[in-house]
Amino acid sequence: MRLIKLITSFALLFTFSCQSPWKKDETRAVAQYQYEDEEQKHINTFEKLMQAPTDAERSRNFANYLDRQRSFYYVAQQLLFDFDARLDVIYNKTQNGEQLADEDINEFQKIRAQNLIAWEFSERNLHEMLDLYYLALKHANTEDSPYQKSTQWMVANVKKWIDEGWKKGDKSAIMNLAQNLHDVNEQIKTEFTTKVKTPSFKSYLNPSQAVLTEAYERSKWLVANRPKTHLDTFIEKEWSEYLQTRVIEPEQDFVNTRADFLQNDFKLKKDFNLKNNFTNPRTPQALDELYPSPDGKGHVTGNRFPMGKWAMTFDDGPNPTHTQGMVNNLKNNGVHGTFFWQTQNVVKYPAIPQTKSPLFSRASHSYTHANLPKQSSAGLDKEINRAATDFAKIVGEKPTMFRCPYGACGPSGSAIRQLIAKNNMLHIAWNVDTLDWQDKNPESIFQRSKKQIDSLGRGIVLFHDIHPQSVIASDKVIKYLKSKYKIEPLHKLIEESRGKPYYTP
């Protein structure tokens with residue numbers, strides 16, 4: 001029973017980090033969101049910010065977003081440390097043959113749930129801050145903009161804020177913010193025909209292992225001594241509400257309560273003319289049946305793979321730099337991996353997706369990485385149906401595997417799962433989460449992955465092909481798996497589970 005609980009607990013692990021690239025039209029390019037009205041909302045926020053009476057006040061108001069994001073980063077970092085501490089308890093007990101207590105599993109699930117709540121809240125602030133920075137850069141480089149002088153001041157002060165934070169020893173959060181700001185710089189350069197002036201954050205990118213270790217250790221002190229914020233209170237409140245209103249199913253995500261979910265799901269099923277019922281999530285895989293289906297027959301976690309066998313998976317790309325790094329890792333180690341890509345990125349960076357390779361398979365991770373249970377019917381049509389169609393225009397074939405952003409698909413029989421099945425796709429989860437989205441240190445990512453791998457013995461490992469630390473850490477994990485276990489293509493393990501072929505592009 002304790003082993004079953006452990007497997008269920010790890011099966012609920014989810015991915016958090018995924019940065020949305022930019023939407024480009026005639027007048028602006030701002031981030032894609034799970035909430036459809038946020039683009040205009042952030043433009044309105046920028047206009048309001050620019051109404052402050054002085055440049056100094058405008059810069060200070062923008063710096064508030066940076067301050068808030070730094071605070072949110074350390075809330076998430078504390079939860080990362082809590083995750084690792086609880087994982088150590090589980091790992092040590094399983095390695096010593098001890099029985100796990102209910103408290104071990106319950107606390108582990110709580111920490112993971114709180115990680116997701118913190119991440120989603122933090123991402124909203126991050127996207128808003130990045131949109132405001134993008135708009136400031138655009139006005140700063142537009143000669144006839146009434147805000148040019150003010151935004152030039154503002155952009156210069158962003159660089160000053162980053163430099164001062166680094167000097168104070170706040171290196172972990174600064175590296176995280178600098179990478180995001182650098183990505184915006186690179187994006188806006190593609191949208192101007194003339195030379196664009198942007199502050200440089202390159203000195204904070206690609207740090208040495210010594211700097212990463214120093215930043216990681218320093219972050220422990222910053223976490224231990226940080227003041228509590230309203231996000232801490234919010235997380236506790238959300239967790240309490242979840243316990244009272246959750247959908248009782250192990251695959252259900254933590255941030256969509258029963259009342260909200262059911263109300264939207266009923267409308268979606270009506271809009272798409274789908275069956276209005278939920279199904280038993282537990283029956284199917286007990287029979288080792290796997291095929292596109294809205295119930296457990298269409299859901300793969302890796303927990304029923306043969307012992308000792310693992311699949312490597314990578315989310316959120318393709319990225320113009322780091323996806324190739326992952327492909328190089330696969331090639332150098334002679335193993336196979338599966339990429340779950342956002343269609344907006346497939347369209348933007350088609351070179352690797354157009355390549356049919358024995359090293360990797362290509363699968364869907366929605367169009368823009370929206371939180372699917374919070375989408376309208378139009379949003380869901382785009383994130384699942386259009387994602388598959390536009391994916392095929394680049395790849396040449398439709399995907400046969402899909403991974404829900406944040407692991408949020410709703411329960412068996414939900415509108416989301418029905419649409420995934422109607423597109424002839426299996427839904428693929430994971431049972432080892434590296435948390436490479438939050439952790440910048442490849443060594444600690446590796447240790448976290450190793451403990452989960454040794455505790456479970458089989459399954460699906462989740463990385464992201466959009467972070468530099470993920471490229472380094474995944475190479476370490478692959479080498480470890482090869483030394484003790486066996487890495488096989490995900491579709492081959494699915495074939496082994498179901499007893500017949502399963503094709504994937």
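The model is predicted. Helix 16 itself runs over residues 468–484, 17 residues in total. From first C-alpha to last, helix 16 reaches 26 Å. That is close to the 24 Å expected at 1.5 Å a residue.

Next, look at the rings. The structure holds 12 aromatic pairs. Take Phe339 and Phe360. Their ring centres are 5.4 Å apart and their planes stand at 85°, so this pair is edge-to-face; the cut-off is over 60 degrees. Phe339 lies in strand 3 (residues 337–341) and Phe360 in strand 4 (residues 360–364), so the pair ties together parts that are 21 residues apart in sequence. Phe339 has 0% relative accessibility and counts as buried. Phe360 is buried too, at 4%.

A second pair leads back to helix 16. Phe446 and Tyr480 are also edge-to-face, with 6.0 Å between centres and 80° between planes. Phe446 sits in helix 15 and Tyr480 in helix 16, and the two are 34 residues apart. Both Phe446 and Tyr480 are buried.

Some rings meet a charge instead. The charged end of Arg386 sits over the ring of Tyr367, 4.9 Å from the ring centre. Arg403 places its charged end over the ring of Phe340, 4.3 Å from the centre.

Now turn to the backbone. Most residues other than glycine have a negative phi, and most peptide bonds are trans. The loop between strand 2 and helix 11 holds Asp316 and Pro318. Phi of Asp316 is positive, near 90°. Asp316 is buried, with a relative accessible area of 0%. The peptide bond joining Gly317 and Pro318 is cis, with omega about -5°. Another positive phi belongs to Leu435, near 55°. Leu435 lies in the loop between strand 7 (432–433) and helix 15. Its relative accessible area is 2%, so Leu435 is buried.

Last comes the disulfide. A disulfide is a covalent bond between the sulfur atoms of two cysteines. The count here is 1. Cys404 is joined to Cys409, with 2.0 Å from S to S. The torsion about their S-S bond is about 115°, so the disulfide is right-handed. Both Cys404 and Cys409 are buried.

How values were computed. Residues numbered from 1 in each chain as written. Predicted model: local features only at pLDDT ≥ 70, side-chain atom pairs only at ≥ 80, totals over all residues. Heavy atoms only, no water. Disulfide = S-S within 2.5 Å. Buried < 20%, exposed > 50% of the residue type's maximum accessible area, 1.4 Å probe, protein only. Helix = DSSP H or I, 4+ residues; strand = E, 2+ residues; numbered from the N terminus. Expected span 1.5 Å × (residues − 1). Phe/Tyr/Trp six-rings, centres within 6.5 Å; stacked < 30°, edge-to-face > 60°. Lys NZ or Arg CZ within 6 Å of the ring centre and 35° of its normal.
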